[in-house]
Amino acid sequence: MMDNLAQILMLLSVAVTVVVAFQQLHIPTSIGYLLVGVILGPHTIGPTFNVPEFKTLAEFGVVFLLFTIGLNYSLPQLHALRHQVLGLGTAQVLLVTIVVMVVLWLAGLPASAAFVIGAVFAQSSSTIISSQLTEQGEESSPHGRLGLAMSVFQDVTAVPFLVVIPVLGTAVGNLALAGALGWAIGKAVIAFALVFFAGRWLLRPLFQLVTRRRSAEVFTLAVLLVALLAAWTTSGLGLSLAFGAFLVGMMLGETEFRYQVESTIRPFRDVLLGLFFVGIGTLVDPGVIPDIWQWAVLGALLILASKLLLVTVMVRMSGIVTQTAVRVGLLLAVGGELGFALLAIALDASVIDQRLGQIALTSVFFSMMGGSVLIRFNRAIAERLCATRSSKAEGLDGATLSADEPRVLIGGYGRVGHTIAVMLQDSGIAFMAFDTDTKRVAQGKADGHQVVYGDISDPELLAAVQVERASLVVLSVDSFPVTLQAVTHIRRAAPHVPVIARARDLESSSRLLAAGAAHAYPEAIEASLRLGATALKVLRVPVNDIDLMIQEVRDWDYKPVLEEGEGGEPRA
């Protein structure tokens with residue numbers, strides 16, 4: 001036990017050091033975790049991390065990654081994306097897989113190994129793409145939106161590979177392979193049916209029961225239970241753990257608990273996915289790189305070139321201007337983390353040998369570094385390739401991919417939140433409301449409003465709903481501590497997004513303003529002002545004079561109506 005503890009402390013120390021350094025240098029942390037694995041792996045000089053349970057634990061990183069992907073791609077959402085993004089995303093993965101497979105097969109690799117390498121090379125890193133686009137301020141650009149949407153959808157197309165790849169290592173001969181694939185697909189259909197009907201009948205009642213307890217601990221346990229139970233179910237059918245997690249994520253993605261579930265699972269996913277990358281890094285043998293580096297470089301060039309060319313052509317054929325199509329191709333050229341997951345499955349199933357695995361692993365690693373450079377300079381490269389600065393084309397493309405509507409986030413769907421939602425809906429402004437009371441959530445859906453279960457003060461929830469893309473946040477919850485915590489987290493995550501908050505009194509209002517709220521109206525004083533305004537209207541005081549008087553009181557921080565009494569106490 002003490003030996004394992006010492007090893008874990010060593011792992012954490014190296015991981016914190018490397019990841020912090022990579023963040024300072026603006027290098028994707030996934031590459032940092034890979035480096036940690038190389039440093040602590042059995043193939044390098046120095047201490048070696050060797051905890052028997054580590055590999056099993058790290059595998060759950062992919063499980064929770066696919067679970068999160070499922071949350072973001074429920075059946076209705078897949079149906080809504082069935083045209084441009086779905087078509088382009090599917091075609092990109094299939095074409096890259098086929099092209100790379102044919103090239104490697106003609107080079108002498110067995111068809112099954114060539115297929116696996118093609119599937120691995122077809123993946124792109126959503127993490128690297130999204131983080132660099134955000135850092136460069138391009139996440140809302142036409143090429144940024146389309147590129148990120150296609151990269152995220154690639155994660156969905158990786159699910160069939162989770163079913164097919166393990167079969168390739170067990171079947172011998174074309175007839176046996178066809179039979180094994182048919183049986184695997186049949187089991188996948190059975191698994192989908194089990195999770196689908198269980199999810200439709202059991203998941204919503206279960207989480208409604210759990211949320212009535214108002215316990216974050218019980219909610220977390222419930223999320224872990226359903227994710228791991230689904231993974232166990234598909235594993236029992238001879239399929240991958242990640243496939244079951246993806247299916248149950250899809251079912252939960254249709255419920256009002258989606259965002260809170262995502263925020264709950266995110267810390268587990270990020271830590272375990274980091275451990276997964278560490279595990280992949282331990283497979284890298286730097287000692288063989290001098291013998292395989294030329295093949296690894298060729299593999300990386302094959303990844304970058306094939307995806308750049310194919311994606312550019314497909315996007316251009318969809319009607320988008322050339323320069324934007326090239327920029328999308330540059331974004332998607334980067335290698336992806338799911339490629340490592342597919343590679344690990346293939347190695348476990350003995351579909352490819354260790355040397356070929358080392359070449360593929362190093363190729364993806366090189367492509368992630370080279371792809372990061374392409375993303376960083378995608379504008380300059382596209383302009384050079386297109387030999388034009390087509391701002392007009394950017395504008396035309398913006399019409400093809402129209403910008404998102406103004407989006408308002410409402411924290412709390414009680415009396416105040418409901419009133420705000422009605423006003424926004426009547427004004428034609430898109431909004432999403434959050435509440436931790438399932439009865440209010442149900443009422444919101446009955447009202448025809450987009451109301452989901454979630455705690456607006458949860459920073460993970462704010463990250464899940466991309467608060468930085470909101471036009472406005474309105475905090476109407478009847479709890480000052482929750483409101484103050486929400487303002488603090490929103491200011492930290494999205495300092496440019498204005499926040500309007502509800503306050504009970506002047507002290508609460510002042511503290512919320514100090515925390516970063518743009519406006520914080522004290523209810524008691526505002527009610528007094530409205531009552532006074534109505535009285536003045538009855539007495540036929542001009543409306544303009546009344547509005548000016550009320551605004552003056554607000555501008556002076558309500559001091560004209562809060563005079564000091566004899567004992568120094570404020571008087572309303």
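Ala, Val, Leu, Ile, Met, Phe, Trp, Tyr, Cys and Pro are counted here as nonpolar, Asp, Glu, Lys and Arg as charged, and the others, Gly among them, as polar. The structure is a predicted model, in which local features need pLDDT of at least 70, side-chain atom pairs count only at pLDDT 80 or more, and totals for chains, interfaces and linings use all residues. Residues are numbered from 1 along each chain as its sequence is written, and side-chain values use heavy atoms, with hydrogens and water left out.

Grid points are joined across faces, edges and corners, and a volume is the space filled by probe spheres set on the points. The count is 1 cavity of 30 Å³ or more, and the largest cavity holds about 30 Å³. Its lining consists of Leu 283, Leu 347, Gln 354, Gly 357, Gln 358 and Leu 361, that is, 3 nonpolar, 3 polar and no charged residues. Helix α16 (residues 354–376) gives the most to this lining, with 4 residues; helices (H or I, at least four residues) and strands (E, at least two) are DSSP runs, numbered from the N terminus.

Leu 361 of the cavity lining is also in contact with Phe 340 (contact means heavy atoms within 4.5 Å). Phe 340 belongs to the largest nonpolar core, of 126 residues, and is listed with Leu 66, Phe 67, Phe 207 and Val 261 as having the most contacts inside it. A nonpolar core is a set of buried Ala, Val, Leu, Ile, Met, Phe, Trp, Tyr and Cys residues joined through side-chain atoms within 4.5 Å. A second, separate core of 27 residues includes Phe 434, Ile 456, Leu 462 and Ala 464.

Buried means under 20% relative accessible area, exposed over 50%, and partly exposed in between (1.4 Å probe, protein chains only). Gly 253, in the loop between α11 (241–252) and α12 (258–283), is buried at 10%. Its C-alpha atom is separated by 6.2 Å from that of Asn 72, 181 residues apart along the chain. Most residues other than glycine have a negative phi. Arg 214, in the loop between α9 (174–211) and α10 (216–236), has a positive phi of about 55° and is exposed at 54%.

Methods. 1 Å grid on protein atoms, 1.4 Å probe; cavity = no way out; pocket = protein on both sides within 12 Å on 5 of 7 lines; lining within 4 Å. Lists of a residue's contacts leave out its neighbours within four places in sequence.
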